Structure formats: C-alpha cells, structure tokens
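User: Can you take me through this one? I'd like the overall picture, then some details.

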Amino acid sequence: MSDNYADIINLPHHVSKRHRQMPLAERAAQFAPFAALEGYAAAVSSTAQRVRLQVEEQEKQQAGWDC
C-alpha cells in the first residue's frame with residue numbers, strides 16, 4: 001500500500017510558470033460561503049440558550065430548597 005506513491009513522493013512541488021500562487025487568505029475565502037448545513041449554527045445556538053436557561057432555573061430552585 002505505501003509503495004503506491006514511492007516513485008513520486010520525493011519529487012519537488014510543482015510551481016506554475018504561467019500563474020501566480022494564490023495567497024492563503026484568498027484560498028480560504030473560496031470555501032467561506034459554503035455552508036453544508038445551513039441553519040445549523042443557529043439551531044445549536046438556540047438549543048444552547050434553552051439548556052442554559054433550564055440549568056439556571058434548576059440552580060435557582062435548588063438554591064431555594066437549600067435555605
């Protein structure tokens with residue numbers, strides 16, 4: 001399995017003579033608009049807020065019982 005690329009593994013990295021190398025920030029920007037799970041972050045945030053409120057309510061109830 002590891003011999004599959006033995007003939008090319010140590011070759012130098014290709015650098016185009018025709019095209020300039022794209023800056024890393026621009027390469028990253030190509031993928032920024034992509035959202036595989038649209039709305040996922042909002043759903044997670046909403047659930048986290050709901051759980052946070054439930055925990056706070058439980059803590060208030062427990063604090064009241066301890067007095």
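**Fold and surface**

Analyst: The secondary structure of the protein chain amounts to 2 helices and 0 strands. Helices (H or I, at least four residues) and strands (E, at least two) are DSSP runs, numbered from the N terminus. This is a predicted model: local features need pLDDT of at least 70, side-chain atom pairs count only at pLDDT 80 or more, and totals for chains, interfaces and linings use all residues. Residues are numbered from 1 along each chain as its sequence is written, and side-chain values use heavy atoms, with hydrogens and water left out.

User: What radius of gyration does the protein chain have?

Analyst: The protein chain has 26 Å, while a compact globule of 67 residues would have a value near 11 Å. The radius is taken over C-alpha atoms, and the globule rule is 2.2 Å times the number of residues to the power 0.38. Along the principal axes, the C-alpha atoms fill a box of roughly 75 × 30 × 20 Å.

User: And what share of the residues counts as buried?

Analyst: 0% of the 67 residues. Buried means under 20% relative accessible area, exposed over 50%, partly exposed in between (1.4 Å probe, protein chains only).

User: How much accessible surface does the protein chain have?

Analyst: About 7000 Å², of which 57% belongs to carbon and sulfur atoms. Accessible areas come from the Shrake-Rupley method with a 1.4 Å probe; for residues, only the protein chains shown count as cover.

User: Which residues make the nonpolar surface patch?

Analyst: Tyr5, Ile8, Ile9 and Leu11 make a patch of about 460 Å². Patches take residues with over 30% relative accessible area and no salt bridge; like charges are joined within 9 Å, nonpolar side chains (Val, Leu, Ile, Met, Phe, Trp, Tyr) within 5 Å. Isoleucine 9 is in the segment before α1 (24–29). Isoleucine 9 counts as exposed because its relative accessible area is 59%.

User: Switching to charges. How many salt bridges?

Analyst: The count is 1 salt bridge, that is, a side-chain nitrogen of Lys or Arg within 4 Å of a carboxyl oxygen of Asp or Glu. Arginine 20 and glutamate 26 form a salt bridge through their side chains (3.7 Å, N to O).

User: Are those two exposed or partly exposed?

Analyst: Glutamate 26 is partly exposed, at 38% relative accessible area. Arginine 20 is exposed, at 61%.

User: Where does glutamate 38 lie?

Analyst: Glutamate 38 is in the loop between α1 and α2 (40–66). With a relative accessible area of 78%, glutamate 38 is exposed. Its C-alpha atom is separated by 31 Å from that of glutamate 57, 19 residues apart along the chain.

User: And aspartate 3, where is that?

Analyst: Aspartate 3 sits in the segment before α1. The C-alpha atoms of aspartate 3 and alanine 28 are separated by 32 Å.
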